[in-house]
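Open the model in your viewer and follow the stops below. Each one says what to select and what is there.

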Amino acid sequence: MADPLEMLDIASDDPEAVRDCYAERGWGDGLPLVAPTPERVDAMLATCNADPDEPVAVLPPRSGVATRRVIAVNAVLAGCRPEHLPVLVAAVRALARPEINLRGVNATTHPVAPLLIVHGEIAQTAGYNPGLGAFGPGNVANAATGRALRLILLHVAGAVPGAGDASTQGGPAKYTYCVAENLAESPWGGYAASVGVAAVSAVTVHCGEAPHNFHDMESKDPAAILDKAASAMTSLGSNNAPVSSGEFFVMLCPEHAAACDDAGWTRDRVASYLHERAQMRVGDLRAAFALRAWAPWQEALDDDAMMSVTEHPCNIKIIVVGGPGKHSSVIPSWGMTRSATVPVEV
């Protein structure tokens, strides 16, 4: 792979020409790229007051150094706007946190991808979509920021398929995976504050699978709705089954969240209920996995006992995302990773 710090003179700034030039050097994600001219990079950096060449993070597996300038270059390549750069800088900080275990995330054969969740004021001022179709196409902020984070993983961390990313099949979430919390329709306030990050704006990085949909069009009973979420959580195919410390992010649509709140259920009660209901027979789990990362007390259980697929309710994270319609989703973890929430410094 070519040196990502190499200076290039490209005859044309046509997005397809830039893509082809980058592809010759093993760079890019296969899609057309915006030429990162000095003028565009400087305009991106105008949103930052700090030294653009100060290291923000060192990202494995290649131990690449991410400065604000490097982040800005990748933001331009992805089609970001200057107001998206503070989100990306915060996301890179989160990726470097030890609990994320980015080396493992990139080295595993699992199709894990870092999900970037944007919280608070910047989600609104920078144009992120927290509502209808939030995980889908059509929004510049969600699409470009998620893509930029993946380009940083490719160009800085070295998470290139084969050389630095061992995922067997890969996955579409490895192109772009960014969403905003629907704070306006959350009955429980912002997620960041619930995990102790009292900031006007924040980001969360959760390394997991693509969303698993569940729906309930009829019930106003939280238990009936959440039983369907628990069903989606109890799969032998999930890495959470043999890794009991793994997290689940449960992304409730506003209508499902409102049904829970109308019945007096708090965010913690939702998590506790899911912990109680998302259980499997211990013997079935043992038969499926000879290699397990369980707590000692779990290994001591009899085969006929029932066990939650995650060892503690605090591993189940509840966030409100989406618009009208009674569809929600479960996002299982890769397992050997924990989410990180950090403030955005604007």
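**Stop 1: helix H2.** This is a predicted model. Select H2 first. Its buried residues pack against helix H3 (68–78) and helix H4 (85–95). Which residues of helix H2 (residues 38–45) are buried? They are Val 41, Met 44 and Leu 45. These residues cover an arc of only 95 degrees around the axis, which puts them on the same side of H2.

**Stop 2: the whole fold.** Zoom out. Colour by secondary structure: the protein has 13 helices and 12 strands. Along its principal axes, the C-alpha trace spans about 65 × 45 × 30 Å. For 346 residues, a compact globule would have a radius of gyration near 20 Å; the protein has 21 Å, which agrees. Buried residues make up 52% of the 346. Then show the surface. The accessible surface comes to about 14700 Å², and 53% of that belongs to carbon and sulfur atoms.

**Stop 3: the cysteines.** How many disulfides does a search of the whole structure find? The search finds 0. Select Cys 48: it is in no disulfide, and the nearest cysteine sulfur, that of Cys 80, is 12 Å away. Move to Cys 80. Cys 80 is in no disulfide either; its nearest cysteine sulfur is that of Cys 178, 8.8 Å away. A disulfide needs the two sulfur atoms within 2.5 Å. Buried or exposed? Cys 80 is buried, with a relative accessible area of 10%.

**Stop 4: aromatic pairs.** The count comes to 4 aromatic pairs. Two of them follow.

Select Phe 135 and Tyr 177. This pair is tilted, with 6.3 Å centre to centre and 45 degrees between the planes. Phe 135 sits in the loop between helix H6 (121–125) and helix H7 (140–157), and Tyr 177 in the loop between H7 and strand S4 (178–180), so the pair ties together parts that are 42 residues apart in sequence. Phe 135 is partly exposed at 33% relative accessibility. Tyr 177 is buried, at 6% relative accessible area.

Next, select Tyr 191 and Phe 249. They form a tilted pair: 5.9 Å centre to centre, 55 degrees between the planes. Tyr 191 lies in helix H8 (residues 191–194) and Phe 249 in strand S7 (residues 248–252), so this pair ties together parts that are 58 residues apart in sequence. Tyr 191 is buried, with a relative accessible area of 2%. Phe 249 counts as buried too, at 0% relative accessibility.

Key. Residues are numbered from 1 along each chain as its sequence is written. This is a predicted model: local features need pLDDT of at least 70, side-chain atom pairs count only at pLDDT 80 or more; totals for chains, interfaces and linings use all residues. Side-chain values use heavy atoms; hydrogens and water are left out. Buried means under 20% relative accessible area, exposed over 50%, partly exposed in between (1.4 Å probe, protein chains only). Helices (H or I, at least four residues) and strands (E, at least two) are DSSP runs, numbered from the N terminus. The arc is that of the directions from the helix axis to the C-beta atoms. Contact means heavy atoms within 4.5 Å. The radius of gyration is taken over C-alpha atoms; the globule rule is 2.2 Å times the number of residues to the power 0.38. Accessible areas come from the Shrake-Rupley method with a 1.4 Å probe; for residues, only the protein chains shown count as cover. Rings of Phe, Tyr and Trp (its six-membered ring) pair if their centres lie within 6.5 Å; planes under 30 degrees apart count as stacked, over 60 as edge-to-face and the rest as tilted.
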